[in-house]
Amino acid sequence: MKKSKSFFPPKNKSRQISIKWKIFLFLLGFCGVLLILLWLFQVVFLNSFYKSIKINEIKATANTIEKSINDENIATIISTVSENNDICIKVLSSSGDTIYSSHVVKGCIIHSKPTFDEKALHSEVTNNDGELFQYYNHDGYARETEPDSVQPENTQIQDKPPAEEKEKDTLIYSKTIIDANNNELILVLNSLISPVNATVNTLRVQLYYITAFMILFSVILAFIIAKWISRPIEAINESAKMLATGDYSTQFKGTGYKEIAELSDTLNFTAKELSKVELLRQELIANISHDLRTPLTLISGYAEAMRDLPDENNSENAQIIVDETKRLTTLVNDVMDISKLQTGNINVHLQPYNVTVSLSNSINRMNKMMELDGYQIDFIADREVTLTADETRISQAFYNLLTNAINYTGDDKKITVTQTIFQNPADDLTNWVKIEVADSGEGIAAEDLPYIWDRYYKVDKTHKRAVTGTGLGLSIVKSILDIHHGDYGVTSKLNEGSIFWFTLKI
Ligand code: ADP
């Protein structure tokens, strides 16, 4: 396969903005939004917020007093709320005489300003539906009456030319209330609205510094976070590129955070699985090409001889061609099976079936085929057993063991198949079935025993008969039993024969 740098997929232009920059821009944007909000609330809307808070506060105080106006301790209540809220309070009779008074703010308008017309207040408040807001400059130059905003007939009374640019710093709230004797009283509350402009200026200067600092800080932070997030991703990307070139030994080292660690674990697992498939592929190609060559050479050699030499055109040579073709078919089937079984790419159809009958049928067929050559296969079964398994696959495993036994059995050409039921101590003493295939052949040396189940393992020795194995039979048996969670094994002694067995849960 051609492996080169051009192998990598083309980069997607629309996605070319790197994660580093995305995080950076995102953080910068986030910081920008925060700053805008800060500016809006701290500078632009501060005045109106402050005013509305003050208005609510003064209204709440007025309500408290109104509710308690008939209380015998009203004088104490007035002085307490007045002190607590820093609001000067007067309760006037309808004619403008002071009934209660609490003076807590130095220089407040209702207590110290002679121009504050208490006599005229009653009619002004009544004209405004019993509620009146007035804004004053603390120095008293401007006076501005602001009736309820819903009132269309806004009246503006100005004692002196208005100092429009000057922020009004005093709020006087007047309200008519009725006492227990049905007398109309006027509640006058004087609250100072601090000079907000000065505060705004201070905040503005502070915000300049905060803005500069935040931008700098977010740039640094964005770079640090972006690096921190993107570095492991870049490292994994580098390793993934190596993997794409076929380097399955690539190690993904995901450090930094959980997701990356998990991703690298997954990729390490993928690399391991890919390397297995790759190894299997290479092994298969090497072995298949080797195994295919012999029968193919024989077939083409004999076919050419039969074509060119009339003497060679006999049934013996034709039989060799037939045998070699069969061998090729077996090889191809085995290879297909093993690759399916090993990669787990196989459908297993589990269903209950009578394994004793199935084994007996296979043995009968084999006996019929082999009796001409003098082979004899005996079957001993303790009782009929029903198994839940894939009948085709189990028969295939059994058939592989049986063919091996036929290939390797001794001169008596006898093979014995035994089926027994036993309680498996390794599985809570549940009932299992054991199938043994015994031959009288030359056996397998102890040092070869651990390897015979491996793919393409063939014990290297010359047999009396021409044994045409692919080295895949036992590996297929092993894979089939693994899929069925069964067990398998062999007991063998040189020159005494072998007993291959497998067990399955009933
Ligand atoms: P093969 O197609 O070569 O038989 P297997 O995987 O079935 O491949 O077997 C692997 C090796 O195990 C064989 O090459 C053979 O040497 C040995 N073997 C298998 N079954 C027997 C047996 N019944 N008696 C002796 N040797 C056996």
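User: Is Ile-36 buried, partly exposed or exposed?
Analyst: In this predicted model, Ile-36 is placed in helix α1. Its relative accessibility is 53%. The cut-off for the exposed class is over 50%, so Ile-36 counts as exposed.

User: Which helix supplies the largest share of the nonpolar patch?
Analyst: The patch on the surface includes Ile-36, Leu-37, Phe-45 and Ile-53, and its residues together have about 800 Å² of accessible area. Helices α1 (19-44) and α2 (46-67) each supply at least two of its residues. The largest share, six residues, comes from α1.

User: Are the rings of Phe-213 and Phe-217 stacked, tilted or edge-to-face?
Analyst: The whole structure holds nine aromatic pairs. In the pair Phe-213 and Phe-217, the ring centres are 5.6 Å apart and the planes meet at 10°. Planes under 30 degrees apart count as stacked, so this pair is stacked.

User: How many residues apart are Phe-213 and Phe-217 in helix α6?
Analyst: Phe-213 is exposed at 52% relative accessible area, while Phe-217 is partly exposed at 42%. Both lie in helix α6 (residues 196-244), about one turn of the helix apart, and the spacing is four residues.

User: What is the distance from the charged end of Lys-413 to the ring centre of Tyr-375?
Analyst: Lys-51 lies over the face of Tyr-135, 5.2 Å from the ring centre. The charged end of Lys-413 sits over the ring of Tyr-375, and its distance from the centre is 5.0 Å.

How values were computed. Residues numbered from 1 in each chain as written. Predicted model: local features only at pLDDT ≥ 70, side-chain atom pairs only at ≥ 80, totals over all residues. Heavy atoms only, no water. Phe/Tyr/Trp six-rings, centres within 6.5 Å; stacked < 30°, edge-to-face > 60°. Buried < 20%, exposed > 50% of the residue type's maximum accessible area, 1.4 Å probe, protein only. Lys NZ or Arg CZ within 6 Å of the ring centre and 35° of its normal. Patch = residues over 30% accessible without salt bridge, like charges linked within 9 Å, V, L, I, M, F, W, Y side chains within 5 Å. Areas by Shrake-Rupley, 256 points an atom, 1.4 Å probe, with all protein chains shown as cover. Salt bridge = Lys/Arg side-chain N within 4 Å of Asp/Glu carboxyl O.
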